[in-house]
Amino acid sequence: MAVMYDSILARSFSKHEQKKLRYGAFVCCLLIALCFCTLLKPNLNPLPALKLERSVGVKQKILALWETNSTQQVIKNVLEFPEIKTEEFENLSDQVLADSADLQQNASILTSPIESSMSVGEETKIVEVVEENLEPLCKTEEPRTEYCEIINRDVRVDANSSSVFVASSSQIWNRSWTIRPYARKEDKTALGSTRAWSVKPVQTGAQLNIPQCTRDHSVPAILFSTGGYVGNHFHEFTDVVIPLFITSRKYDGEVQFLVSDMKPWWIAKYQAILKGLSKYEIIDIDKEDAVHCFPSVTVGLKRHEKELSIDPSKHSYSMKDFREFLRNRYSLKRASAIRIRENRQRKRPRLLIIPRKRTRSFTNTGEITKMARRLGFKVIVAEADMNLSKFAEVVNSCDVLVGVHGAGLTNLVFLPENAILIQILPVGRFQWLATNYFGKPSEGMNLKYLEYEISNEESTLTQQYPLDHPVFTDPSSIGKQGWLAFYSLYLQKQNVHLNVQRFRPTLLKALELLHQ
């Protein structure tokens, strides 16, 4: 081809003219290149360094692409990948994969500098990062409790200021929380006797007086209160013991309990349970001058919204697990109640009557005992005291538990499976309380439940009011006067004189259930 063009140029132009044409063509090429560079201004700088970062622990995985340059602010977008597996993501980059907790909580636009693994002199900024469903530090929207679960952080507990500091090299959360660590948040009376604790995220480099650690711990901690209604057996279990089991069981004993509003008698009463959940001596945190530092801290307790219950789909444990834990801690021998049809030794089923000493007590316990024995029961009359271990053995040895609505029925947690709870309802329309406090919970414990509602004549209130009084005909009118009025009348001033003949069919039904 080149030979053909040379022959054409030789015939058409002289050697001098050919030389001029070549120079002209070269100059034209230079002009074209110059115009290209002047008008289009191509970027001849080296390609920018890339940093890939993944958000961890949120439902939607986000892959952020950042441009980093020592003289320019970072620009660019966020590429969203709804489902990125951890293994796949880690193969995308050898750069540092930062934890999502280093991002501003629930923020849609972040512009603060962040720590970078780039060389000195480079500054990295997030210009536009959208992150959805970031888990909050504290859960305040739960129906019955509030708690903060601070995992894998520098956590400092300072009792002098009633504060839990969450130290970090960058400002992660822009707010603090106040938590009363007693699992009955809707009850202002209970929380009134519960110490408030502030959970404060702080930046270690900021000009703040962050307390220095004076006692370091290698295990997580749980901070909870024994204030509130502690002193009432029912509330001790539903507000503290069961929530503490839910919150701490996953640690298998490797957890430190920090107790606020501590009552030494309560610690002694539940010593077997507490030692089964933690291998460490309990710290009365209110009396501590030291600043205790932990790798993780939970402030407050998790709980199910229903009384004496655990939601296994949410907490990985059930009431069956809790009752097995109790049997183990108190060395309870019986896992199941007697089955009369399989009772070759013809043992009599055991019936426990809780008489109650002060209020809502039986005034004719002797009559009830005689009638039950005639039906074939072996009757035990016993009341719980501070020796919970001994009473747990008594309850576990029985097949039927009978008692008037009250905290004493909480001991149903020690009954063997398929045992029967008979709840006596005094005058006052206790159906809602009876069902939700003991009726439904007993079903969740694999127990059988019977209910006996006394007649007006069986209440000792007849000694104070005529039968046509609103106390009997319209208890809701008393309830409208407030809980204290209802409590004072129906729960404190009323005892029960059981009509044994009227109650007899209920015990016969219990025997029938024990045959099944």
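Predicted model: local features only at pLDDT ≥ 70, side-chain atom pairs only at ≥ 80, totals over all residues.
**Disulfides and cysteines in this model**

Both C138 and C148 are buried.

A disulfide is a covalent bond between the sulfur atoms of two cysteines. How many disulfides does this chain contain? The count comes to two.

The link of C138 and C148 is right-handed, with 105° about the S-S bond. C138 belongs to strand β4, residues 138–139, and C148 to strand β5, residues 147–150, so this pair ties together parts that are 10 residues apart in sequence.

I turn now to the other pair. A disulfide also joins C213 to C293, again with 1.9 Å from S to S. With -100° about the S-S bond, the link of C213 and C293 is left-handed. C213 sits in the loop between β9 (197–203) and β10 (215–216), while C293 is in strand β14 (residues 291–294); the pair therefore ties together parts that are 80 residues apart in sequence.

C293, by contrast, counts as buried, at 4% relative accessibility.

What pattern do the disulfides of the chain follow? With bonded cysteines counted along the chain, the pattern is 1-2, 3-4.

C398 has a relative accessible area of 0% and is buried.

Key
Residues numbered from 1 in each chain as written. Heavy atoms only, no water. Disulfide = S-S within 2.5 Å. Helix = DSSP H or I, 4+ residues; strand = E, 2+ residues; numbered from the N terminus. Buried < 20%, exposed > 50% of the residue type's maximum accessible area, 1.4 Å probe, protein only.
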